[in-house]
Every structure is written in structure tokens, then in C-alpha cells.
Amino acid sequence: MTRGKFITFEGGEGAGKTTQVARLAERLRAGGVETVVTREPGGTPLGESIRDVVLGASPEPVTELLLFAAARAEHVAKVIRPALAHGTWVLCDRFVDSTRVYQGVMAGVSADLIGAIEMRTVAPTFPDLTVVLDVPAEEGLKRTEARGALTRFDAEHAAYHVELREAFRRVALAEPERCVMVDGSRAADEIAADIWRTVETRLLAEARP
Ligand code: T5A
């Protein structure tokens with residue numbers, strides 16, 4: 001059985017990740033590719049419970065890191081790895097780069113600690129492709145405000161969101177073999193077409209017999 005492909009979507013608040021995950025899943029399924037859509041924090045019953053806790057409280061940065069990591073360990077072991085082994089493609093709304101950016105860059109937890117935890121909870125199941133949606137901070141915030149139900153991360157001050165965007169841009173530039181940065185400020189259809197081209201070139205061509 002050929003292993004499925006693992007694609008993650010990253011970016012700041014309101015970057016359009018959830019919208020683009022749904023678009024790509026629809027297109028892959030229409031082409032006969034079995035596809036699972038999932039998200040972090042979440043993805044398992046325990047992960048969803050942790051999501052409620054971690055988004056509802058304001059824990060210490062290291063507590064937050066460990067909660068996200070606990071949810072991810074369950075998610076990788078019980079959902080992502082089995083699906084990939086079965087040949088199913090997995091599309092995940094946020095993954096390790098969110099931890100590296102939010103808990104690492106923004107909250108100051110050491111990259112060494114984050115890396116050590118990744119080795120225990122994720123390795124060797126890193127994404128084949130990561131789509132980083134790049135949107136000006138004010139545009140992302142406008143979208144989340146229009147949608148309502150702000151999380152405590154959405155509600156951070158404007159400078160926080162500007163720094164967040166820069167941190168995700170650095171992630172994309174640092175690992176060009178895995179990451180592609182996509183201009184998320186355009187119409188959803190245009191963004192979806194761009195992402196589809198990348199998936200075709202980088203993953204589907206290789207997966208064809
Ligand atoms: N977190 C997460 C960590 O700190 N560490 C971690 O390790 C992990 C995994 C998750 C929070 O947890 C933090 C980061 C997050 O703050 P969440 O509620 O899942 O919280 O937040 P987000 O993932 O940011 O989800 P959002 O819903 O805020 O943003 P999305 O998914 O990027 O955007 P989407 O697609 O829902 O779109 C938002 C709105 O914009 C519209 C949509 O219709 C929607 O109304 N929209 C567009 N409008 C115009 N043009 C486009 N191209 C549009 N695309 C979407």
C-alpha cells in the first residue's frame with residue numbers, strides 16, 4: 001500500500017486555513033483520492049477536550065506547550081499515522097509550525113524543548129507539504145471579527161499579529177522543500193487554484209504510477 005500524503009495548513013488568525021482545507025479536500029476527493037480532514041488542537045475526542053481547555057484558559061507558556069503536545073501525540077498516533085499507512089491523504093488545519101510560532105517565537109519557549117517534544121510525539125510523521133497562508137495582520141483580524149467568537153489569540157493586540165505573520169513567513173522561507181507560502185489576501189478561488197497547482201506538481205505527479 002502506498003503511503004498517503006500529509007499536508008498541513010498554517011498561518012495567523014483568519015488567514016483562511018479552514019476554507020482552503022475544505023477546498024482542497026473537495027478537489028482531491030473529486031479526483032478519487034481518499035482524504036481525511038482534521039485540525040489542531042483537536043482531531044481526537046481527547047484532543048477536542050484539550051482544545052476546550054487550552055483555548056478557554058490562559059496557561060503558562062510551558063503548560064500550553066505540553067497541552068498542545070499531548071493533544072498532538074494522540075492525534076498523530078490514533079488518526080494521522082493510521083490514515084497515512086492506509087494510503088489516505090491527511091489535510092490538517094495547523095500542526096507543528098503553530099507550536100513553533102505561538103509557543104516558541106511568540107511565548108518564548110525554547111526551540112530545543114519544542115524540538116525534543118516533536119521528536120517524541122511527531123517524528124517521523126512530519127508533513128510532506130505545508131501551505132503557509134500569508135495575510136496582512138489587519139486583513140486576518142477583520143475576517144475573524146466579522147466571523148465573531150474570538151479566541152484569546154484573536155484578541156491579542158495588533159503588534160502581536162504583525163509579529164505572528166513575520167514568524168510564519170520565516171517558517172516558510174526556512175524550509176522551502178516542505179513549505180510553500182501562498183498569498184492568502186486574494187479571493188478564495190484564486191488561492192485554491194494556486195494550492196492545487198502546488199499539490200499537483202509536488203505530490204500528485206509523484207504519487208501517480
Ligand atoms: N495554537 C494552535 C497554538 O497556539 N499552538 C498550536 O500548536 C496550535 C495547533 C486555534 C488557536 O490555537 C493556537 C493558534 C490559534 O489561535 P482556531 O479557532 O482553530 O484556534 O483558530 P484558527 O486556526 O486561527 O482559525 P480561524 O478560523 O481563526 O482562521 P482560519 O481557519 O485561518 O480562517 P477561515 O478559513 O476560518 O476564515 C476566517 C473567515 O474569513 C473568511 C471565512 O469565510 C471566515 O469567515 N475567509 C475569507 N474572506 C475573504 N477572502 C478569503 N480568501 C477568505 N478566506 C476565508
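The largest pocket of this predicted model is lined by 33 residues, and those nearest its centre are E13, K17, R51, D93 and R94. Here a pocket is, on a 1 Å grid over the protein atoms alone, an open set of points with protein on both sides within 12 Å along at least five of seven lines, whereas a cavity is a set of points where a 1.4 Å probe fits but cannot get out; lining residues have an atom within 4 Å of a point. The space in the largest pocket amounts to about 720 Å³, a volume being the space filled by probe spheres set on the points, which are joined across faces, edges and corners. At least two lining residues come from each of α1, β2 (35-39), α2, α3, α4 and α6, where helices (H or I, at least four residues) and strands (E, at least two) are DSSP runs numbered from the N terminus. The lining comprises 10 nonpolar, 12 polar and 11 charged residues, with Ala, Val, Leu, Ile, Met, Phe, Trp, Tyr, Cys and Pro counted as nonpolar, Asp, Glu, Lys and Arg as charged, and the others, Gly among them, as polar.

Residues are numbered from 1 along each chain as its sequence is written, and side-chain values use heavy atoms, with hydrogens and water left out. As the model is predicted, local features need pLDDT of at least 70 and side-chain atom pairs count only at pLDDT 80 or more, while totals for chains, interfaces and linings use all residues.

The ligand sits in the largest pocket, in the sense that more than half of its atoms lie within 2 Å of the grid points of that pocket. The ligand is surrounded by 27 residues, of which K17, T18, T19, T99 and R147 are the closest; a residue is near a molecule if one of its heavy atoms lies within 4 Å of it. This shell divides into nine nonpolar, nine polar and nine charged residues. Each of α1 (17-30), α2 (45-56), α3 (61-85), α4 (96-106), α6 (137-147) and α8 (188-207) supplies at least two residues of the shell, and α4 gives the most, with four residues.

An N or O atom in the side chain of T99 is 2.6 Å from a ligand oxygen, and one in the side chain of E13 is 2.8 Å from a ligand oxygen, while at G14 a backbone N or O atom lies 3.3 Å from an oxygen atom of the ligand.

The largest cavity has a volume of about 130 Å³, and of the 17 residues that line it, G12, E13, V135, H161 and R165 are the closest to its centre. Two or more residues of this lining come from each of β4 (129-134), α6 and α7 (158-174), with α7 giving the most, five residues. By class, the lining has nine nonpolar, four polar and four charged residues.

The second largest cavity contains about 40 Å³ of space and is lined by L65, A69, R72, T99, I114, I117, E118 and T121.

Note on methods
A polar contact is a pair of N or O atoms within 3.5 Å; within protein, one must be able to donate a hydrogen and the other to accept it, and residues adjacent in sequence count only if both atoms are side-chain atoms.
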